[in-house]
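Good morning, everyone. Let's walk through one protein chain together, from the whole down to a few side chains.

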Amino acid sequence: MATSPPSAICPPSPGDGVLRHPHWWQRRWVRYGAPSTLLALSGLVILALVRRQTGTDGFLVGLGLAVLPVPWLLAAFRWLDRVEPGPWRNLVFSFAWGACAAALIAIVANSFATEWIATSTADPASADTLGATVIAPIVEESAKAAAVLLVFLFRRRDFTGIVDGVVIAGITATGFAFTENILYLGTAFGTDQLTGDRGIASVTAATFFVRIVMSPFAHPLFTVLTGIGFGVAALSAERRSARRILLPVCGLLLAMGMHALWNGSATFGQYGFLAVYGGFMVPVFGLVTWLAVWTRQRELRLVRTELPAYVLAGWLGPAEPFALGSMRARRMARDYARHHHGRPAAREVARYERYATSLAFLRRRGDAGKAGADFVPRERELLEELWKRRHLARPALEYAVRAAAAVPVYRAAAPYGHPAVPYPLYNPYRT
C-alpha cells in the first residue's frame, strides 16, 4: 500500500495559498451565535403564544399527540439522505427554524392579515376563508422556504442536488407542522373541555385523525416542492444566474398553490376535502416520493461511474467504487470496522464514504462543465480527507465487496498520467 498520496490531480487554481481574512459575517461566532440566538428567542416567544392560546393542559396534550409522527418523518428524510449525509447542524437548524422561527412568523403574520381583512370588510367569515386559502399559504411557505434559502446560500457545499433540497425542506416543514399541530390539537382539547365531548366524537379525536393520521405529510409535501426547485438550481451551472433564481421561485409558487388548494378543500362542498385528498394529494405524494427515491438511486449509480477515475490515479482501491455505490456494502463496511476496531473506526469509515460521495458529485459537475472556481481546492481537500482514512476504510470496503459478491472492473490501478488511462481526470483549465 502506498504511504504517500499520488501526485496532484489538477494544477492549483489562481490565488491558492493567499491568506484572506474572513468578513465579519463569516466569523464562526457570528455564523453560529446569531442563528442560535434568533432561534432560541423565537422558541421562547412561540412557546408563550401557544401556551397562552391552548392553556397548560391543552399544550401538554397537544405536545404529546403532535410529537407522534415526527420521528417517522425525520427517519424517512434521514434515510433518503444516507447516500451523502448532510451535517447534523443543518438538519437541527432546519427543524428548529420550522418549529420556532417559521411558526412564529406564520402566527403573527396570519393573525395580523386576517384581522386587518376582517376590519376592512366587516365580514369575519370571509376574512377567515381568505386568510386560510390565500394569506396562510403565502406566509407559511415563504417562512419555511427561508430555511432552505439560508442553507443554500451559506452551506453551499452541503447542498448539491435534489435530495438535499428535499431533505432540508422536508425537515423544516416537519418542524413547522409539529408546532402547528400542538396549537390545533391543544385548542381542540380546550374546546372539548368546555363542551364536555369525549372519545371518538370529540373535536380532539377528529383533529388528530385529520392532521396526524391522514395527512402528517401535508406540510412536508408542500415545502418539498420548494426544495426540489432549489435542488435543481444547485445542479445548474453558476453562470446561469437567471435559472438559479427562477427555479426556486417556481418551486415556491407550486408549494403555495398546493397549500392553497389543500386549505380551500373544505369550501368545495360536502366531499371536497376527500376529493382533493384522494384525487390530488395522495397522487402527488406518490410522485414526489418516487422522484426522491429515483434520485437517490441515481446518485448511487453516479458514484459507481465517477470514482473509477480516482482508482486509476491511485487514490482509491479497485473495489471501492462498487462498495461506495451500494448502500448494503457501505453498511457492511461500517459493521466490519466497528467489529474489528470499535465505534470510532466505524465513524471514520462513514466519513470516508461521505467524502468519497462528495468527490463523485464534484467530478460529475466538472464533467458536465458546471464546476465552480473552487473545484481544484475542493477536490484536493476531499482527496486528502480520503487519504487520511484509507488504512481503516480500504480493508472494510474490500471486505464489503467480497461479502456482497461484487466483481470490480478495475483490478489494478494504473499510474496517474499513463497514456492508457481511458478516463482522464477533469482539468478545469482544459479547453
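Start with the surface. The protein chain has an accessible surface of about 21,600 Å². Carbon and sulfur atoms own 65% of that area. One caution before we go on: this is a predicted model.

Now the overall build. What kinds of elements does the chain have, helices or strands? The protein chain has 14 helices and zero strands. Read from the N terminus, the order is α-α-α-α-α-α-α-α-α-α-α-α-α-α.

Next, the inside. The protein chain has 431 residues, and 47% of them are buried. How do its parts meet?

Where does H5 sit? Of its 34 residues, 27 are buried, so H5 is largely enclosed by the rest of the structure. Then look just past its end.

Move to a single side chain. Lys144 is in helix H4, residues 124–154. Is Lys144 buried or exposed? Its relative accessible area is 0%, and the cut-off for buried is under 20%, so Lys144 is buried. What does its side chain meet? The side chain of Lys144 makes a polar contact with the side chain of Glu141, at 2.8 Å. Now set aside residues up to four places away in sequence. Lys144 then touches Ala102, Thr172, Ala173, Phe176, His219 and Thr223.

On to charges. Side chains of opposite charge can pair when their charged atoms come close. How many salt bridges does the count give? The count comes to 15 salt bridges. Here are some of them.

Arg363 forms a salt bridge with Glu306. Their closest N and O atoms are 3.3 Å apart. This pair links distant parts of the chain, 57 residues apart. Arg363 is in helix H13, residues 343–367, and Glu306 is in helix H9, residues 272–306. Both Arg363 and Glu306 are buried.

Arg338 and Asp335 form a salt bridge, with the closest N and O atoms 2.8 Å apart. Both lie in helix H12, residues 327–341. They are three residues apart, about one turn of the helix. How open are they? Arg338 has 32% relative accessibility, so it counts as partly exposed. Asp335 is partly exposed too, at 37%.

Here is another pair within a helix. Glu385 forms a salt bridge with Lys388, the closest N and O atoms being 3.5 Å apart. Both lie in helix H14, residues 375–403. They too are three residues apart, about one turn of the helix. Glu385 is buried, with a relative accessible area of 17%. Lys388 is exposed, at 53%.

Next, Val232. Val232 sits in helix H7, residues 218–235. Its relative accessibility is 24%, so Val232 counts as partly exposed. Leave aside its neighbours within four places in sequence. Val232 is then in contact with Ile162, Arg243 and Leu247. Now find Pro248. Along the chain, Val232 and Pro248 are 16 residues apart. Their C-alpha atoms are separated by 8.2 Å.

Last, the cysteines. How many disulfides does a search of the whole structure find? The search finds zero. Two cysteines are worth a look. Cys100 has a relative accessible area of 17%, so it is buried. Cys250, at 43%, is partly exposed.

Let me recap. We have a predicted model with 14 helices and zero strands. Helix H5 is largely enclosed by the rest of the structure. The salt bridges number 15, and one of them, Arg363 with Glu306, links distant parts of the chain. That's my tour. Thank you.

Key: Residues numbered from 1 in each chain as written. Predicted model: local features only at pLDDT ≥ 70, side-chain atom pairs only at ≥ 80, totals over all residues. Heavy atoms only, no water. Helix = DSSP H or I, 4+ residues; strand = E, 2+ residues; numbered from the N terminus. Buried < 20%, exposed > 50% of the residue type's maximum accessible area, 1.4 Å probe, protein only. Areas by Shrake-Rupley, 256 points an atom, 1.4 Å probe, with all protein chains shown as cover. Disulfide = S-S within 2.5 Å. Polar contact = N/O pair within 3.5 Å; in protein donor to acceptor, adjacent residues only side chain to side chain. Contact = heavy atoms within 4.5 Å. Salt bridge = Lys/Arg side-chain N within 4 Å of Asp/Glu carboxyl O.
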